[in-house]
Amino acid sequence: MTSIGTGYDLSVSTYSPDGRVFQVEYAQKAVDNSGTAIGLRVKDGVVLAVEKIKHSRLLVPGSNKRIMTAGRHIGVAAAGWMSDTRHLVKRARDEAHHYHSVYKADIPAKIIAERMGMYVQAYTLYSSVRPFGVSTILACVDTDGPQLYMVEPSGQFTGYRGCAAGKGKQAAKTEIEKLKLEELTVRDAVKEAARIIYAAHDEAKDKLFELELSWICAESGMLHAHVPADVLAEAIQHAERSLDEDDDDDDEMEDEDL
């Protein structure tokens with residue numbers, strides 16, 4: 001039995017005969033059309049990186065950030081609609097503040113990921129609302145050490161060593177799987193994250209983009225912060241150099257084939 005073109009995508013509260021919720025899948029498509037976002041959990045911290053597509057040369061550099069702070073020890077990287085991202089970040093801040101006001105302690109990563117997942121999933125249950133068109137990557141350092149979670153438009157949340165979302169997620173995942181994340185330091189992870197974003201970037205479709213990087217580590221006082229300008233510049237140089245080397249290797253292989 002097919003559910004294509006039969007109207008099962010008119011309401012988020014309706015299943016198709018083959019068990020699909022089409023509006024959730026459409027929300028995932030919005031994520032897949034966005035710039036790539038990745039998270040790396042390494043031995044001494046967490047690193048977030050985002051490929052922020054610049055649709056115009058008139059945009060002010062550094063504006064409209066896709067990496068935000070949801071709590072002193074919590075960073076959020078997003079792929080998808082920015083309006084939905086801001087709403088979810090505000091919700092995460094409210095959750096972190098409420099937990100701290102009740103328990104007088106910072107909210108653990110697993111709890112905020114669970115609460116955000118439940119909140120996002122609630123928007124897939126009622127016909128009067130629509131799913132959030134954004135995947136959020138939550139980075140945190142709590143009493144259990146560095147933590148990394150991703151909350152998807154369906155409300156599913158999963159803990160990761162490394163994860164990716166957005167249009168370049170397949171290429172990014174392939175590169176992340178090659179890394180020995182448990183052995184990397186945050187300094188190394190920042191360079192690798194920049195390299196992966198540059199490798200996943202589609203130059204043919206989106207020429208202009210801005211790299212955003214943040215970390216939670218000893219250098220940031222175990223607080224979420226964007227990486228310093230000198231570290232960012234060094235990471236970009238490393239990524240561009242790696243990209244040039246890969247292009248040279250491809251050219252050499254083509255010459256050998258000829």
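This is a predicted model: local features need pLDDT of at least 70, side-chain atom pairs count only at pLDDT 80 or more; totals for chains, interfaces and linings use all residues.
I began with the largest pocket, whose volume is about 220 Å³. The volume is the space filled by probe spheres set on the points, and grid points are joined across faces, edges and corners. I listed the lining next, meaning residues with an atom within 4 Å of a point. It holds 15 residues, and Lys52, Ile53, Lys54, His55 and Arg66 are the closest to the pocket centre. By class, the lining divides into 3 nonpolar, 6 polar and 6 charged residues.

Residues are numbered from 1 along each chain as its sequence is written, and side-chain values use heavy atoms, with hydrogens and water left out.

**Glutamate 210**

I looked up Glu210 and found it in strand S9. Helices (H or I, at least four residues) and strands (E, at least two) are DSSP runs, numbered from the N terminus. A polar atom of its side chain lies 3.0 Å from the backbone nitrogen of Gly62. Leaving out residues up to four places away in sequence, Glu210 touches Val50, Glu51, Lys52, Lys54, Pro61 and Gly62 (heavy atoms within 4.5 Å).

**The cores**

I then turned to the largest nonpolar core, which has 30 residues. Such a core is a set of buried Ala, Val, Leu, Ile, Met, Phe, Trp, Tyr and Cys residues joined through side-chain atoms within 4.5 Å. Ile38, Val47, Val190, Leu213 and Trp215 touch the most other members. At least two residues each come from strand S1 (37-42), strand S2 (45-53), helix H4 (169-177), helix H5 (186-200), strand S9 (209-216) and H6. H5 gives the largest share, 9 residues.

Beyond four places in sequence, Leu213 touches Val47, Leu48, Ala49, Ile67, Val190, Ala193, Ala194, His226, Val227, Leu232 and Ala235. There is also a second, separate core of 24 residues, with Met68, Ile74, Tyr149 and Val151 among them.

Thr124 lies in the loop between helix H3 (109-122) and strand S5 (134-142). Its relative accessibility is 12%, so it counts as buried. A polar atom of the Thr124 side chain is 2.6 Å from the backbone oxygen of Gln121. Setting aside neighbours within four places in sequence, I find Thr124 in contact with Val12, Val24, Pro131, Pro153 and Ser154.

Gln28 sits in helix H1 (residues 22-32). I note it as partly exposed, at 21% relative accessible area. Not counting residues up to four places away in sequence, Gln28 touches Ser135, Glu152, Pro153 and Lys169. I also checked Gln28 against Thr158: they are 130 residues apart in sequence and 16 Å apart in space, C-alpha to C-alpha.

**Positive phi**

Most residues other than glycine have a negative phi. I noted two entries with a positive value. Lys104, not a glycine, has a phi of about 55°. It is in the loop between helix H2 (82-103) and H3, and it is exposed at 64%. Met222 has a phi near 60°. Met222 is in the loop between S9 and strand S10 (225-226), and is partly exposed at 36%.

**Distances**

Ala229 is in helix H6 (residues 229-257) and is exposed, with a relative accessible area of 64%. From Ala229 to Asp246 I have 17 residues in sequence and 26 Å in space, C-alpha to C-alpha.

Glu203 lies in the loop between H5 and S9. At 48% relative accessibility, Glu203 counts as partly exposed. Its C-alpha is separated by 33 Å from that of Val21, 182 residues apart along the chain.

Conventions:
Buried means under 20% relative accessible area, exposed over 50%, partly exposed in between (1.4 Å probe, protein chains only). On a 1 Å grid over the protein atoms alone, a cavity is a set of points where a 1.4 Å probe fits but cannot get out, and a pocket is an open set with protein on both sides within 12 Å along at least five of seven lines; lining residues have an atom within 4 Å of a point. Ala, Val, Leu, Ile, Met, Phe, Trp, Tyr, Cys and Pro count as nonpolar, Asp, Glu, Lys and Arg as charged, and the others, Gly among them, as polar. A polar contact is a pair of N or O atoms within 3.5 Å; within protein, one must be able to donate a hydrogen and the other to accept it, and residues adjacent in sequence count only if both atoms are side-chain atoms.
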